[in-house]
Amino acid sequence: EQQCHVTRTISQNSPRYIAEILSLQIPFQLPPLIAEVVMDRFAGYPHHLGYDDDTAVPFFDIDTQRNSYPLNSTAAALPLHWQIDPNVNSDNYQEHVQHRWSWYGKDPLVSTSSAAYFMQGACDPTKEEGCTDENNNIDTGGAITPTPTNKQIVRKAVDLNFILKSTYEQFQDVRDVGVYFANAGAGSILQFPHHQSRPNGSYKSIGCEWMSRPNPFDKSRPIASNEEIKRCRPKGIEVNYTDYNVLEQDWCRKMALEPFQTHFFGPHNSGLDDGLWYISMGKAVYDRLTNEFIACILINISLESIDDTVSNVDILNRAEDGGTRVTVVKWDEEGTVVASPEWNSSNETEPTTINNSQIERGLSVQDFERFKSLVDFREELDPKDVRRKFEGASYETDGLFVSAYPLPAP
């Protein structure tokens with residue numbers, strides 16, 4: 001009985017300790033942080049007084065007695081996605097990208113000198129037939145879907161290099177970090193590091209009718225104008241990735257419609273031969289002055305180190321007939337498995353759920369539903385109350401003590 005009590009106590013406390021470790025590995029704080037930086041730099045988007053000359057930014061300069069952005073970059077204009085001058089190679093990758101070199105494909109082209117800018121139809125005139133200088137005209141937004149907002153977006157986006165590069169260097173599970181601009185309905189992307197590993201082929205547009213819904217910050221008007229909505233392809237249309245528009249993607253739609261929370265997507269398979277899986281997190285950005293929808297933040301994070309952490313947990317004996325099992329599960333309807341020592345994701349191309357027979361002696365669907373019923377994370381919650389509920393929740397099933405704790409740790 002004493003041993004049973006000790007086992008139960010350990011099973012109740014261990015998930016919190018593991019969650020605290022994983023909370024340090026997964027940079028949950030990054031989407032809100034980057035969103036704040038984008039709001040500061042793009043204050044007044046797209047046509048508010050002071051947007052064009054940067055006097056709408058919330059920083060007052062004592063010397064000039066006017067508002068100005070304090071980190072105004074002197075760097076050259078952002079390179080377009082095809083204008084890559086790689087500074088990373090097989091000899092120096094440890095200095096620039098560390099263990100992430102293989103994440104970008106075989107013999108990849110990668111540069112950590114600057115983020116890159118992608119806009120629809122941008123192309124290399126020396127390699128692609130029919131490509132002209134107008135396709136790469138930053139002032140107009142290109143030949144495919146020109147916009148009146150593109151020029152200022154590119155000018156201001158240069159100053160985001162510091163936050164994107166710092167994010168990448170500090171968190172070494174980050175594969176890439178991007179700011180996916182609405183760009184008046186045409187979409188455009190700022191991404192770090194600069195790499196050429198975009199998927200080939202096409203995707204199916206979800207359309208942009210969702211932007212006719214009420215603006216979350218001003219219910220009296222829609223998220224976007226009819227003119228902006230018309231710059232998107234209709235629902236169901238196949239779109240080549242060279243003409244990618246983030247507004248035609250479901251993940252950005254979800255962020256834009258629910259901008260008050262951080263969103264999580266995946267896990268996804270990289271589609272390369274490395275067996276890499278990653279999870280994505282992000283947040284929508286709306287302007288503080290105009291309430292206009294600016295962008296979606298998206299950060300792709302490798303699950304390699306998270307897999308290592310849960311696989312190496314050694315709290316109790318992990319013999320074949322018992323011991324500790326740790327599974328990281330996404331808080332969704334299916335109970336999608338993010339990481340588990342019982343599931344060899346390197347041999348899989350699709351994610352799995354907790355009812356997978358491979359995941360033995362783990363969390364059952366019934367247990368998962370019981371934990372989900374403890375709190376509703378869609379509501380505003382007291383962290384102390386969340387901790388109390390989960391620390392007191394432990395179930396015995398089939399000779400096992402099952403407990404859980406949320407990520408990030410409250």
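Are cysteine 208 and cysteine 232 buried or exposed? Select the two residues in this predicted model: cysteine 208 is buried, and cysteine 232 is buried as well. A disulfide connects them, with an S to S distance of 2.0 Å. The torsion about their S-S bond is about -75°, so this disulfide is left-handed. The pair ties together distant parts of the chain, 24 residues apart: cysteine 208 belongs to the loop between strand E8 (202-204) and strand E9 (214-215), and cysteine 232 to the loop between helix H6 (226-229) and strand E11 (238-240).

**The other disulfides**

The structure contains three disulfides. Select next cysteine 252 and cysteine 296, whose sulfur atoms are 2.1 Å apart in a disulfide. Here the S-S torsion is about 85°, so the bond is right-handed. This pair also links distant parts of the chain, with cysteine 252 in helix H7 (residues 250-257) and cysteine 296 in strand E14, 44 residues apart. Both of these cysteines are buried.

With the bonded cysteines numbered in sequence order, the pairing reads 1-2, 3-4, 5-6.

**Helix H4**

Select residues 150-157. Six of the eight residues of this helix, H4, are buried, so the rest of the structure largely encloses it. The buried positions are Asn150, Gln152, Ile153, Val154, Lys156 and Ala157. Display the surrounding elements to see what these residues pack against: helix H2 (30-41), strand E4 (116-119), helix H5 (161-170), strand E5 (174-181) and strand E6 (188-192).

**Backbone features**

Most residues other than glycine have a negative phi, and most peptide bonds are trans.

From E5, continue into the loop between E5 and E6, where asparagine 183 lies. Asparagine 183 has a positive phi of about 50°, and at 2% relative accessibility this residue counts as buried. Asparagine 291, in the loop between strand E13 (277-286) and strand E14 (293-302), likewise has a positive phi, near 65°.

Which peptide bond is cis at proline 193? The bond from phenylalanine 192 to proline 193 is cis, with omega near -5°; proline 193 sits in the loop between E6 and strand E7 (194-195). Finally, select glycine 266 and proline 267, joined by a cis peptide bond with omega of about 10°. Proline 267 is placed in strand E12 (residues 263-269).

Definitions and conventions: Residues numbered from 1 in each chain as written. Predicted model: local features only at pLDDT ≥ 70, side-chain atom pairs only at ≥ 80, totals over all residues. Heavy atoms only, no water. Buried < 20%, exposed > 50% of the residue type's maximum accessible area, 1.4 Å probe, protein only. Helix = DSSP H or I, 4+ residues; strand = E, 2+ residues; numbered from the N terminus. Contact = heavy atoms within 4.5 Å. Disulfide = S-S within 2.5 Å.
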